[in-house]
Protein chains: 2
Amino acid sequence: MFTGLSTFPLTPIRDDRVDLGAYGGLIDRLVDAGADSIGALGSTGSYAYLDRAERRAVVETTIEHAAGVPVIVGIGALRTSQVLALAADAQAAGADAVMLAPVSYQALTPDDVAGLYEDVTAELSVPLVVYDNPATTHVTFSLELHAHIAHLPHVGALKIPPIAGGADAARERVQALRAVLPEHVRIGISGDGFAAAGLLAGCDAWFTALGGTIPQAMTAIARPALEGRTADALAASDRLAPLWDLVAEHGSLRVAATLAEHLGLVEAPCLPRPLLGLRGGDRERVRDVAEELGLTG
Amino acid sequence: MFTGLSTFPLTPIRDDRVDLGAYGGLIDRLVDAGADSIGALGSTGSYAYLDRAERRAVVETTIEHAAGVPVIVGIGALRTSQVLALAADAQAAGADAVMLAPVSYQALTPDDVAGLYEDVTAELSVPLVVYDNPATTHVTFSLELHAHIAHLPHVGALKIPPIAGGADAARERVQALRAVLPEHVRIGISGDGFAAAGLLAGCDAWFTALGGTIPQAMTAIARPALEGRTADALAASDRLAPLWDLVAEHGSLRVAATLAEHLGLVEAPCLPRPLLGLRGGDRERVRDVAEELGLTG
């Protein structure tokens, strides 16, 4: 389940409610594009902003539309008991796996983080993806902490943040992780602009944020990368350099939201306030890049 | 209302539920110590970890026990509509003021932050404290953003983070803020080890984390500082240097929790998981410092 292209759709918000109709359409689109798995309620799916009932409805809609494609559900929350409740809901709805980031308000110690994963994995019946996203959680995992958590029961994969520094840096990082993780734990790269390098460096999966909205464009990179066709994969990724620049500037969520609005997949604005969509020149530039790169087909 | 010593109690958690009995006792203690105001559901009160019903119960208990001392209620949450609901609850319960930090998961832009305060102040009937806490929100306010927000209706005070660099740095920072804030907006310092310098530099209030648990010790600093007795205030603060060192190492929440447990004010462990209390040698050191400094009386 934790190999290939794992696509993370937006959860469109309209008048402060989840637009389940538009959301179902996003899932259909991922199934049609041949996604290897669907990541509901990732950071791109605004999980942290939604309440329990909203998250339950999103999981149910995902599974209804997934047509058998494996569904991974984000269960992160600030308090352990909230995470446990969300895990139970996801499992009851039929999720194939869950994904957990150590969301923080007070800075978490390594012991806090370890304790969170211990408490949650003790209650699971499906595999868990450890979600390492320092940009949103402000938690930095040491290799030692990764190793401890990856040996807990039910841990099936690790979603790692982008690796800057090119192919050599990516290889080094993946090797360092492999050296401490159990063999059965898969590694998935995130940071779409860094994904080709990550897959070529030996990652098993690509957890894609933009691929939740423009899956075909990401498949065009993932396919050669997963087949080890280095030059083709890097060329396909480099072709989208203007898109990666936009992500570096605005973050993938706001770029994905603008793309989805431009493509007519969701109503604008689709993000939960206080998050504002891109406006003015920033919005126009996303539209221009989408047209230039042929991302609107 | 936004002058003097504003004390922020813990919200003790026992078996994953708010211990309202112990909490009421903490409020009684603050009233007895002559606190100028009580800050319910601050960062020290673990507001970010509690659900709406828990927060409503905490506000009601605070007001029941406050004996007329003004009550400021933290209303921060990730989503604007959640903040609005919490503001309505706090006002309905009789809060004298509310306090709002721009809690983040996705990094917030200055426009997001401004929009949050615009949306919330438009619905308020009580004064609002702008809560600038980069350590937990990861938002950095520019002077321009502070000025914009402070001019919104109902903004009554600004809670600023600790100012490192001593008396001169504190004076400079306070003057820079005064230059852009409307005259009626009060400035409150936080970071207990920096509070004497902050008050002497012209802050109107001290929003104290440890003072929610050991109010007398903080009053001994606040009184001379508010009367402009520089040497006495600094000496009273310097006397607690070992305590400030513990706060620098572990954060004020974990130190306050350990003190409250040691004093028998709350059952241990009192923090919401995944936050773990201090353990082993760290715990012993807090106890030793409390005994040495006479904080247990």
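**Exercise 1. Arg14(A) and its partner**

Task: Classify Arg14(A) by relative accessibility in this predicted model, then describe its salt bridge with Glu267(A).

Solution. 
- Start with Arg14(A). Its relative accessibility is 41%. Buried would require under 20% and exposed over 50%. Arg14(A) therefore counts as partly exposed.
- Turn to Glu267(A). At 42% relative accessibility, Glu267(A) is partly exposed.
- Check the pair. The N to O distance between the side chains of Arg14(A) and Glu267(A) is 3.9 Å. The cut-off for a salt bridge is 4 Å. The pair qualifies as a salt bridge.
- Arg14(A) sits in strand E2 (residues 13–14) of chain A, and Glu267(A) in the loop between helix H12 (252–262) and helix H13 (280–292) of chain A, so the bridge ties together parts 253 residues apart in sequence.
- Over all chains, the structure holds 29 salt bridges.

**Exercise 2. A pair within chain B**

Task: Find which elements are tied together by the salt bridge of Asp204(B) and Arg178(B).

Solution. 
- Take the distance. The closest N and O atoms of Asp204(B) and Arg178(B) are 3.1 Å apart.
- Locate the residues. Asp204(B) is in the loop between helix H8 (195–200) and strand E10 (205–208) of chain B, and Arg178(B) is in helix H7 (residues 166–180) of chain B, so the bridge joins parts 26 residues apart in sequence.
- Compare the surroundings. Asp204(B) is buried, with a relative accessible area of 17%. Arg178(B) is partly exposed, at 33%.

**Exercise 3. The annotated active site**

Task: UniProt, in an unreviewed entry, places the feature "active site" at Tyr131(A) and Lys159(A).

Solution. 
- Assign elements. Tyr131(A) belongs to strand E7 (residues 128–131) of chain A. Lys159(A) belongs to strand E8 (residues 155–160) of chain A.
- Assign burial. Tyr131(A) has a relative accessible area of 4% and is buried. Lys159(A) has 6% and is also buried.
- List neighbours of Tyr131(A). Beyond four places in sequence, Tyr131(A) touches residues including Ser43(A), Tyr47(A), Lys159(A) and, from the other chain, Tyr105(B). The side chains of Tyr131(A) and Ser43(A) make a polar contact of 2.6 Å.
- List neighbours of Lys159(A). Among them are Phe8(A), Met99(A), Tyr131(A), Ser190(A) and Phe207(A).

**Exercise 4. The interface**

Solution. 
- Tyr49(B), Arg79(B) and Tyr105(B) supply 27% of the area that chain B buries against chain A, more than any other three residues.
- Count the residues. The contact takes 37 residues from each of chain B and chain A.
- Count the polar links. There are 28 residue pairs in polar contact and 10 salt bridges across the interface.
- Find the elements. Helices H3 (80–93), H4 (110–121), H5 (134–137) and H12 (252–262) of chain B each give two or more residues to the side that touches chain A. H4(B) has the largest share, five residues.
- Sort by type. That side of chain B divides into 17 nonpolar, 10 polar and 10 charged residues.

**Exercise 5. Links across the chains**

Solution. 
- Side chains of opposite charge can pair when their charged atoms come close.
- Check accessibility. Arg273(A) is partly exposed at 39%. Asp119(B) is partly exposed at 23%.
- Salt bridges link Asp16(A), Glu54(A) and Arg79(B).
- Finish with Asp112(B). Asp112(B) lies in helix H4 of chain B and is buried at 0% relative accessibility. A polar atom of the Asp112(B) side chain lies 2.9 Å from the backbone nitrogen of Leu276(A).

Technical notes. Residues are numbered from 1 along each chain as its sequence is written. Chains are lettered from A and ligands numbered from 1 in the order in which they are written. This is a predicted model: local features need pLDDT of at least 70, side-chain atom pairs count only at pLDDT 80 or more; totals for chains, interfaces and linings use all residues. Side-chain values use heavy atoms; hydrogens and water are left out. UniProt positions are given in the numbering used here, feature names are shortened, and annotations may be inferred rather than shown by experiment. Helices (H or I, at least four residues) and strands (E, at least two) are DSSP runs, numbered from the N terminus. Buried means under 20% relative accessible area, exposed over 50%, partly exposed in between (1.4 Å probe, protein chains only). Contact means heavy atoms within 4.5 Å. A polar contact is a pair of N or O atoms within 3.5 Å; within protein, one must be able to donate a hydrogen and the other to accept it, and residues adjacent in sequence count only if both atoms are side-chain atoms. Buried area is the accessible area (1.4 Å probe) that two parts lose on being put together, summed over both. Ala, Val, Leu, Ile, Met, Phe, Trp, Tyr, Cys and Pro count as nonpolar, Asp, Glu, Lys and Arg as charged, and the others, Gly among them, as polar.
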